[in-house]
There are 2 protein chains.
Amino acid sequence: MLSKNQIKLITDLKKKKSRTKHNLFLAEGIKVVEELLDSKFNLYKLFYTTDYINKFSVDNMQLISNKELNHISGFSSPNQIIAIFEIPEIKDQINSGLTLVLDEINDPGNLGTIIRLCDWFGIDQIVCSKNTVDCYNPKVVQASMGSLSRVSMHYCDLSIFFKKESRPVFGALLNGTNVYKSPLPKQAVLVLGNEANGISDNVLKWVTNKITIPQFGETQNTESLNVAMATAILLSEFKR
Amino acid sequence: MLSKNQIKLITDLKKKKSRTKHNLFLAEGIKVVEELLDSKFNLYKLFYTTDYINKFSVDNMQLISNKELNHISGFSSPNQIIAIFEIPEIKDQINSGLTLVLDEINDPGNLGTIIRLCDWFGIDQIVCSKNTVDCYNPKVVQASMGSLSRVSMHYCDLSIFFKKESRPVFGALLNGTNVYKSPLPKQAVLVLGNEANGISDNVLKWVTNKITIPQFGETQNTESLNVAMATAILLSEFKR
C-alpha cells in the first residue's frame with residue numbers, strides 16, 4: 001500500500017521545482033521503465049501491480065493495487081509499473097563531433113522525439129537553452145522511450161556555450177542554403193529553434209551557416225515542418 | 001445558439017461510421033479551419049465565438065457562446081472556431097512519381113504528421129490499407145494542419161493496388177539495404193508499416209526493394225524509429 005508521503009512525492013515529481021529539489025524523476029509503463037532499469041540510471045523506488053511480470057530483481061520494489069496505480073499515474077491507461085529514478089549527474093560537455101543545440105523547445109513530445117532521434121543517429125549530447133522544456137518532465141521521459149539514458153542533456157546559457165565554440169554553427173531557418181547542397185562537416189553544431197518563433201535573435205548571431213530543408217510541393221504553403229521532423233531530416237543529412 | 005440536432009451531429013462526427021453516413025468531418029481551431037476554408041474543401045457549417053476575427057466571409061456561419069464551444073469541442077482548450085466540412089470526392093489514383101503506401105497506421109498523430117510531410121515533399125497522394133486510421137478522424141485533421149486539403153487520400157485493398165503496379169516497391173524494414181547506399185528512382189512506391197508490427201506479410205510479398213535507415217549509435221538499442229520519423233527521413237532521401 002502507498003503511504004501518504006509516497007503519494008505526495010509522486011504527485012510533486014510531476015513539477016519541475018520538486019524534481020530539482022528531490023533530484024528525482026518519474027517514469028511509467030513497462031517499456032520505458034525497463035529500458036531505464038537496464039541503463040546507468042539509479043532506481044529510487046519501483047511500484048508495480050500484480051499484473052507485472054518482473055524481469056529485473058531490484059531492491060526498492062513495492063506492490064500496489066490497480067486502484068493505487070490509477071490514482072498516481074499520469075496515463076489515461078496506466079501500464080503495470082511506475083518508477084522513481086535519481087536524476088543523474090551532468091556529464092562534462094564534449095565539444096567534438098556533432099552537437100545538437102535546442103533553443104526554447106516547448107513541447108515535451110517534441111523534445112522526447114528529438115532525444116530518441118539523437119540516440120538513433122549516435123549524437124550523445126544535447127545542449128538546451130534554459131527555457132527549453134525539462135527533459136525529466138514525465139511526458140518527455142515517455143516520448144523519449146528510454147533514449148534519455150543514452151543521450152546526455154545539458155541546460156545552460158547558450159551564449160556561454162557558443163563563446164567557447166570553435167566548430168561551425170548550422171542553424172535551421174526558412175531562408176538558408178538548401179541543406180541538400182550544403183557541405184556538412186563532421187565537426188559541427190546544429191541549432192533548432194522554438195516551435196512558433198524559430199531561433200531567437202540572441203542565438204541567431206552565433207549561427208555561421210543558415211540551412212533550409214527545401215519545400216518540394218507545387219503549392220508553397222505557409223506551414224513549416226514540425227521541429228522534430230526537421231531534426232530527423234537534418235540529422236539524417238549530417239550522418240548519411 | 002446550437003440546436004439539439006447540431007450538437008448531436010457534431011458529437012456523431014467524432015465517429016467514423018457517422019462521418020461516412022453524413023459524408024462530413026470536423027475541423028477545429030483557427031489555423032486548421034482557415035487552411036481548409038482556403039482550399040477546395042466545401043464548408044457545411046462554421047461555428048464561431050465572439051473572440052473570432054473573421055477573415056473569410058462565408059455562408060453558413062453561426063455565432064455560439066464559449067460555453068457551447070467548450071461543450072462540443074474535442075480540445076481541452078478550444079480555439080474560437082469549429083467547422084464541419086464535406087468529405088471531398090476521391091480523386092483518381094495516379095500511378096506515377098513517388099506514391100506513399102501506409103499499411104495499418106493506427107495512431108492519428110502519426111497519420112497527420114505523415115500527411116504534412118507528404119505535403120512538404122510534394123507527394124500528392126497516399127494509399128492506405130483499409131485498416132489504417134481514418135484520415136477524417138478529428139485528431140488526424142488536427143495533426144495534418146491543413147495539409148489534408150493538398151494530399152489526396154485513398155483507402156483500398158492494397159493487394160488490388162499492388163496488382164496494377166509496375167513501379168518498384170520499396171519497403172521500410174529493419175533488415176533491408178542501407179537507404180543511403182540504395183539508388184532511389186523517381187518512379188517508385190514506398191511502403192511504411194504498422195507502428196508495432198511493421199509491414200504485414202500480405203503486403204511484404206509485393207515489396208521488391210527492402211530498405212533500412214541505419215542506426216549510428218554505438219549501443220544498438222532495441223527501439224526502432226517512430227514511423228513518422230522514418231517517413232520524414234525516407235521521403236527526404238527520395239526527394240533530395
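Over all chains, a search of the whole structure turns up 18 aromatic pairs. The model is a predicted one.

Take one pair in chain A. The ring centres of Phe162(A) and Trp206(A) lie 6.0 Å apart, and their planes meet at 15 degrees, so the pair is stacked. The cut-off matters here: planes under 30 degrees apart count as stacked. This pair links distant parts of the chain. Phe162(A) sits in helix α7, residues 158-163. Trp206(A) sits in the loop between α8 (201-204) and β10 (209-212). The two residues are 44 residues apart.

Are the two partners buried or exposed? Phe162(A) has a relative accessible area of 3%, so it is buried. Trp206(A) has a relative accessible area of 25% and is partly exposed. The line for buried is drawn at under 20%.

Chain A also holds an aromatic cluster. Phe25(A), Phe41(A), Phe85(A) and Tyr136(A) form it.

Now turn to the interface. How many residues of chain A are in contact with chain B? The count is 32 residues of chain A, in contact with 32 residues of chain B. Between them the chains bury about 3100 Å². Carbon and sulfur atoms carry 60% of that area.

In one of them, Arg240(B) pairs with Glu237(A), and the closest N and O atoms are 2.8 Å apart.

The largest share comes from α9(A), with seven residues. By type, the side of chain A that touches chain B divides into 13 nonpolar, 10 polar and nine charged residues.

Finally, look at two loop residues in chain B. Gln80(B) is not a glycine, yet its phi is positive, near 65 degrees. Gln80(B) lies in the loop between α4 (66-72) and β4 (81-86). Its relative accessibility is 21%, so Gln80(B) counts as partly exposed.

Glu104(B) is not a glycine either, and has a positive phi of about 60 degrees. Its place is the loop between β5 (98-102) and α5 (108-120) of chain B. At 27% relative accessibility, Glu104(B) is partly exposed.

Conventions:
Residues numbered from 1 in each chain as written. Chains lettered and ligands numbered in written order. Predicted model: local features only at pLDDT ≥ 70, side-chain atom pairs only at ≥ 80, totals over all residues. Heavy atoms only, no water. Phe/Tyr/Trp six-rings, centres within 6.5 Å; stacked < 30°, edge-to-face > 60°. Helix = DSSP H or I, 4+ residues; strand = E, 2+ residues; numbered from the N terminus. Buried < 20%, exposed > 50% of the residue type's maximum accessible area, 1.4 Å probe, protein only. Contact = heavy atoms within 4.5 Å. Buried area = accessible area lost by both parts, 1.4 Å probe. Salt bridge = Lys/Arg side-chain N within 4 Å of Asp/Glu carboxyl O. Nonpolar A, V, L, I, M, F, W, Y, C, P; charged D, E, K, R; others polar.
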